[in-house]
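Morning, everyone. I have one structure to walk through today, so let me put it up.

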Amino acid sequence: WRVHGAMSEREESVWQKRELRLCVVSWNANAKIPVVSEVVELLTQASQHQAWDGGPEMMVVGLQEAVELGAASVLADTGHAWLGALRDAAGGLDDKEEEGA
């Protein structure tokens, strides 16, 4: 508790508080392999749905059922396909922004 108290006393000198534009998306993947264009569309719609100038500063994506819970698919680690699709989609969002500019 002493450490917490000491940190609390110095909180203002350590960091600045500010608002963060955050977009949180939840998607039930239904154990299917991702299609990058669908992921780009989801993230684009979610970010444009917000009434912020310039869109969100950070996006959080929660996936449910990203892998089929069969023995073979768990061993194959198909979750990496979603990670790759999200990375590709993030690049696709940059491309869409450039097209709209």
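Which side chain does Glu-57 meet in a salt bridge? Arg-18, with 3.2 Å from N to O. By salt bridge I mean a side-chain nitrogen of Lys or Arg within 4 Å of a carboxyl oxygen of Asp or Glu. The structure holds 1 such bridge. This pair links distant parts of the chain, 39 residues apart. Glu-57 sits in the loop between helix H3 (36-49) and S2, and Arg-18 in the loop between helix H2 (11-14) and S1.

A word on where this comes from. The model is predicted, so local features need pLDDT of at least 70 and side-chain atom pairs count only at pLDDT 80 or more, while totals for chains, interfaces and linings use all residues. Residues are numbered from 1 along each chain as its sequence is written, and side-chain values use heavy atoms, with hydrogens and water left out.

Back to the pair. Are its two ends buried or exposed? Arg-18 counts as exposed because its relative accessibility is 59%. Glu-57 counts as partly exposed, at 38%. The cut-offs: buried is under 20% relative accessible area, exposed is over 50%, and partly exposed is in between, with a 1.4 Å probe and protein chains only.

Now the overall layout. The protein has 5 helices and 2 strands. Helices (H or I, at least four residues) and strands (E, at least two) are DSSP runs, numbered from the N terminus. The order from the N terminus is α-α-β-α-β-α-α. There are 101 residues, and 19% of them count as buried.

Next, the strands. S1 and S2 run parallel, joined by 7 bridges. Strands pair if DSSP finds at least two bridges between them. Val-25 has Val-61 as its bridge partner in S2. S1 has two faces. Cys-23, Val-25 and Trp-27 make the covered one. Leu-22, Val-24, Ser-26 and Asn-28 make the uncovered one.

What covers ground next to Val-25? Look at Ala-46, in helix H3. Ala-46 is buried, with 15% relative accessible area. Leaving aside neighbours within four places in sequence, Ala-46 is in contact (heavy atoms within 4.5 Å) with Cys-23, Val-25 and Met-59.

A search of the whole structure finds 1 aromatic pair. That pair is Trp-27 with Trp-82, edge-to-face, 5.2 Å centre to centre and 80° between the planes. Trp-27 lies in strand S1 and Trp-82 in helix H5 (residues 79-100), so the pair ties together parts 55 residues apart in sequence. Both are buried. For the terms: rings of Phe, Tyr and Trp (its six-membered ring) pair if their centres lie within 6.5 Å; planes under 30 degrees apart are stacked, over 60 edge-to-face, and the rest tilted.

Last, the surface. Leu-20, Leu-22, Val-24, Met-58 and Val-60 make a nonpolar patch of about 420 Å². Patch residues have over 30% relative accessible area and no salt bridge; like charges are joined within 9 Å, nonpolar side chains (Val, Leu, Ile, Met, Phe, Trp, Tyr) within 5 Å. Strands S1 (22-28) and S2 (58-64) each supply at least two of the patch residues. Met-58, in S2, counts as partly exposed at 42% relative accessibility.

How values were computed: Accessible areas come from the Shrake-Rupley method with a 1.4 Å probe; for residues, only the protein chains shown count as cover.
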